[in-house]
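Hi everyone, thanks for making the time. Have the sequence and the model up on your screens, and let's walk through it together.

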Amino acid sequence: MSPSGQSGRRDPGPAVAGVALTHPERVYWPASGDAGPVTKQDLARYLERVAPRLLPAIAGRPLTLLRAPERIGGERFVQRHAARGLSPLVGTVRLRGEEKPLIQVDTPEALVALAQSGVLEIHPWGARGARLAQPDRMVLDLDPAEDLSFDSVVAAALALRERVLALGLAPFCKTTGGKGLHLVVPLAPGARWDRLHAVAAAICEDLAREAPQRFTTQSALAGRDGRIFLDFQRNARGASAVAPWSPRARPGAPMAMPLDWAEVTEGLDPRRFTIATAPARLETPDPWAGMEEAARPLPPASKLR
DNA sequence: GACGCAC
DNA sequence: GTGCGTCAACGCACT
DNA sequence: AGTGCG
Ligand SMILES: [Mn+2]
Ligand SMILES: [Mn+2]
């Protein structure tokens, strides 16, 4: 018998961070291998817990969301605009050149509201706050062909790291929750999208030119077999890359984990970072804690090959 | 998942 | 009150 | 203009 007596109002489920969840036992990620199932309530609690590290990476940024309200194997779609139906806890931002307001999330409550809406991945833009027209991050995305070892991705990340350092920039590394790695480079205010795109292209094309048997910068799947695709196309207005601490809508509930460069070595296994295991890392220092202070201006074109 | 509308 | 249809993105490379 | 990609 419902406490609401004869009212036909639906029982509001348990709350996380004060936000009610319907169907809290909905299984978003079925059990897979070692990993147990992950329910909507599990996701909400995860997001609330990791908010201190997730929110700094997404606050003030327009977001592209991947939603799969049934489960990871069900219908999925991306959402960039704040349509009717998104919780009022979720923020919005109007941007010149955009017809409709974009999505922003700055609070733990809004994160829980995303879980309620079936948002399984969070992808922020590379610009934020008062300077939405200017990029403040470079992202270099390493996508290995099938059958390449993760050690080969590690080697590629270390090679790219050296080239980024040589330009006077400070790269950070994270797993993506998939088969690759991201280098994330904080940029000082004043960067431009066209310059950023050119610098990212130069870094990746330079490496691909020196070892064409190992790397490619072509997105076409043909020509990628046996190689690592160095994807610099995340560095454009409106493009996004998965947030650190974001879950991925893939079997096993993996997530994107920030790494210390000391961890980016042979034997690194990104599959060990999941919604279930990641919160333990909150007890250790944040390897990305120095990112804001590490922001540097893009190098002049004369420093590129 | 949320909403508007037909029934 | 219930059921059903509808909606929920886009930039870039390549051809 | 249409397709593939992320
Ligand atoms: Mn990737
Ligand atoms: Mn549905």
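Let's start with Phe-172, which is buried, with a relative accessible area of 11%. By buried I mean under 20% relative accessible area, with exposed being over 50% and partly exposed in between, using a 1.4 Å probe and the protein chains only. Trp-288 is buried too, with a relative accessible area of 11%.

Quick housekeeping: this is a predicted model, so local features need pLDDT of at least 70 and side-chain atom pairs count only at pLDDT 80 or more, while totals for chains, interfaces and linings use all residues. Residues are numbered from 1 along each chain as its sequence is written, chains are lettered from A and ligands numbered from 1 in the order in which they are written, and side-chain values use heavy atoms, leaving out hydrogens and water.

Back to the rings. How many aromatic pairs does the structure hold? It holds 2. In one, the rings of Phe-172 and Trp-288 have centres 6.2 Å apart and planes at 70 degrees, so that pair is edge-to-face. Phe-172 lies in strand 11 (residues 172-175) and Trp-288 in the segment after strand 15 (258-259), so the pair ties together parts that are 116 residues apart in sequence. Tyr-28 and Trp-29 also make an edge-to-face pair, at 6.4 Å centre to centre and 80 degrees between the planes, and both of these residues are buried. The rule here: rings of Phe, Tyr and Trp (its six-membered ring) pair if their centres lie within 6.5 Å, and planes under 30 degrees apart are stacked, over 60 edge-to-face, the rest tilted. As for strands and helices, they're DSSP runs numbered from the N terminus, with helices (H or I) needing at least four residues and strands (E) at least two.

Next, the inside. A nonpolar core is a set of buried Ala, Val, Leu, Ile, Met, Phe, Trp, Tyr and Cys residues joined through side-chain atoms within 4.5 Å. The largest one has 86 residues, and the members touching the most others are Ile-58, Leu-111, Leu-140 and Leu-181. Helix 1 (residues 40-58) gives the largest share, 10 residues. Domain 1 (19-124) and domain 2 (137-303) both contribute, so this core lies between them; the domain bounds come from an automatic or database assignment. Take Leu-111: leaving aside neighbours within four places in sequence, its contacts (heavy atoms within 4.5 Å) are Leu-47, Ala-51, Leu-54, Leu-55, Ile-58, Val-105 and Ile-122.

Now the DNA. Which residues surround DNA strand C? Among them are Glu-75, Phe-77, Arg-80, Lys-100, His-197 and Arg-237. A residue is near the strand if one of its heavy atoms lies within 4 Å of it. Strand 6 (residues 77-79) gives the most to that surface, with 3 residues. Of the DNA strand C atoms within 4 Å of the protein, 65% belong to sugar or phosphate, and the rest to bases. A polar side-chain atom of Glu-75 sits 3.0 Å from a base nitrogen of DNA strand C. For His-81, a side-chain N or O atom is 3.0 Å from a phosphate oxygen of DNA strand C.

Most residues other than glycine have a negative phi. Trp-245, though, has a positive phi near 75 degrees, and Ala-253 has a positive phi near 55 degrees. Trp-245 is in the loop between strand 14 (228-231) and strand 15, and Ala-253 lies in the loop between strand 14 and strand 15 as well. Trp-245 is buried at 2% relative accessibility, and Ala-253 is buried at 3%.

Notes:
A polar contact is a pair of N or O atoms within 3.5 Å; within protein, one must be able to donate a hydrogen and the other to accept it, and residues adjacent in sequence count only if both atoms are side-chain atoms.
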